[in-house]
Amino acid sequence: MIGLKSTLNVIDNSGALLIECVNILKQKVNNGWGSVGDEIVCVVKRARPVSAASQASTTAVKVRRGDVRRAVIVRTKKSVRRPDGRFVRFDDNAAVLLNNKREMLGTRIGGVVSADLRMKGWGKIVSLAPKVFV
């Protein structure tokens, strides 16, 4: 359950390391709390440092500290109940940054994601992840 002011780790290679949720973009259900597969608006709190040499290259860091971006939640510490009765929870809260077209900002994912993403329409994220927690 991700709410206002929640901090999440970023597990893609967009350049952000830590983000803070400022809004949950979904229908008015669940009283303003976000779960796995929900889209959020966030502020980049910590990002990888940008050197002068890397600014000129085409693989430069895509985000900076203070940027307002959209993201999709891929892991939560709060346990989620699956339809078969199992409960799934992770060690941390994590997200993947998106651009305004709802496409991934990074090109790689470096961590485990929840299999619930496939049901919510985020199959691209599931296909790029090194491991999917079933």
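**Salt bridges, rings and strands**

Guide: In this predicted model, the side chains of Arg-70 and Glu-39 form a salt bridge, with N to O at 3.3 Å.

Visitor: How many residues apart in sequence are Arg-70 and Glu-39?

Guide: Arg-70 belongs to strand 4 (residues 68–75), while Glu-39 belongs to strand 3 (residues 39–47). The pair therefore ties together parts whose separation in sequence is 31 residues.

Visitor: Does Glu-39 count as buried or exposed?

Guide: The relative accessibility of Glu-39 is 8%. Buried means under 20% relative accessible area, so Glu-39 counts as buried.

Visitor: And which class holds for Arg-70?

Guide: Arg-70 has 34% relative accessibility.

Visitor: What is the N to O distance in the salt bridge of Glu-39 and Arg-102?

Guide: The side chains of Glu-39 and Arg-102 meet in a salt bridge. Its N to O distance is 3.2 Å.

Visitor: Where do Glu-39 and Arg-102 lie, and how many residues apart in sequence are they?

Guide: Glu-39 lies in strand 3, and Arg-102 lies in the loop between strand 7 (94–98) and strand 8 (112–114). The pair thus ties together parts of the chain, and the separation in sequence is 63 residues.

Visitor: Which residues are linked with Glu-39 in a network of salt bridges?

Guide: Glu-39 meets Arg-70 in a salt bridge, and Glu-39 also meets Arg-102 in a salt bridge. The residues linked with Glu-39 in the network are Arg-70 and Arg-102.

Visitor: Where is Lys-5 found, and what is its phi?

Guide: Lys-5 is found in the segment before strand 1 (7–10). Lys-5 counts as exposed, at 58% relative accessibility. Lys-5 is not a glycine, yet its phi is positive, at about 75°.

Visitor: How many residues apart in sequence are Arg-75 and Asp-92?

Guide: The side chains of Arg-75 and Asp-92 meet in a salt bridge, with N to O at 3.0 Å. Arg-75 lies in strand 4 and Asp-92 in the loop between strand 6 (87–88) and strand 7, so the pair ties together parts of the chain with a sequence separation of 17 residues.

Visitor: Are Arg-75 and Asp-92 buried or exposed?

Guide: Arg-75 has a relative accessible area of 10%, and Asp-92 has 19% relative accessibility. The cut-off for the buried class is under 20%, so Arg-75 is buried and Asp-92 counts as buried.

Visitor: How many salt bridges does the structure hold?

Guide: The pairs discussed include Arg-70 with Glu-39, Glu-39 with Arg-102 and Arg-75 with Asp-92. For the structure, the number of salt bridges is six.

Visitor: Which side chain of opposite charge is nearest to Asp-12?

Guide: Asp-12, in the loop between strand 1 and strand 2, is buried yet has no salt bridge. A salt bridge needs a distance within 4 Å, whereas the nearest side chain of opposite charge is 6.6 Å away and belongs to Arg-48.

Visitor: Which side chain makes a polar contact with that of Asp-12, and which backbone nitrogen lies 3.2 Å from a polar atom of the Asp-12 side chain?

Guide: The side-chain polar contact of Asp-12, at 2.9 Å, is with Ser-14.

Visitor: What is the geometry of the rings of Phe-90 and Phe-133?

Guide: A search of the whole structure finds one aromatic pair. The ring centres of Phe-90 and Phe-133 are 5.5 Å apart and the planes stand at 70°. Planes over 60 degrees apart count as edge-to-face, so the pair is edge-to-face.

Visitor: In what order do the five strands close into a barrel?

Guide: The pairing in this barrel is mixed. Strand 2 (residues 16–25) and strand 3, for example, pair in the antiparallel sense over eight bridges. The order of the five strands is 1-2-3-4-7.

Conventions. Residues are numbered from 1 along each chain as its sequence is written. This is a predicted model: local features need pLDDT of at least 70, side-chain atom pairs count only at pLDDT 80 or more; totals for chains, interfaces and linings use all residues. Side-chain values use heavy atoms; hydrogens and water are left out. Helices (H or I, at least four residues) and strands (E, at least two) are DSSP runs, numbered from the N terminus. Buried means under 20% relative accessible area, exposed over 50%, partly exposed in between (1.4 Å probe, protein chains only). Rings of Phe, Tyr and Trp (its six-membered ring) pair if their centres lie within 6.5 Å; planes under 30 degrees apart count as stacked, over 60 as edge-to-face and the rest as tilted. Two strands pair if DSSP finds at least two bridges between them. Lys and Arg count as positive and Asp and Glu as negative; His and the chain ends are not counted. A polar contact is a pair of N or O atoms within 3.5 Å; within protein, one must be able to donate a hydrogen and the other to accept it, and residues adjacent in sequence count only if both atoms are side-chain atoms.
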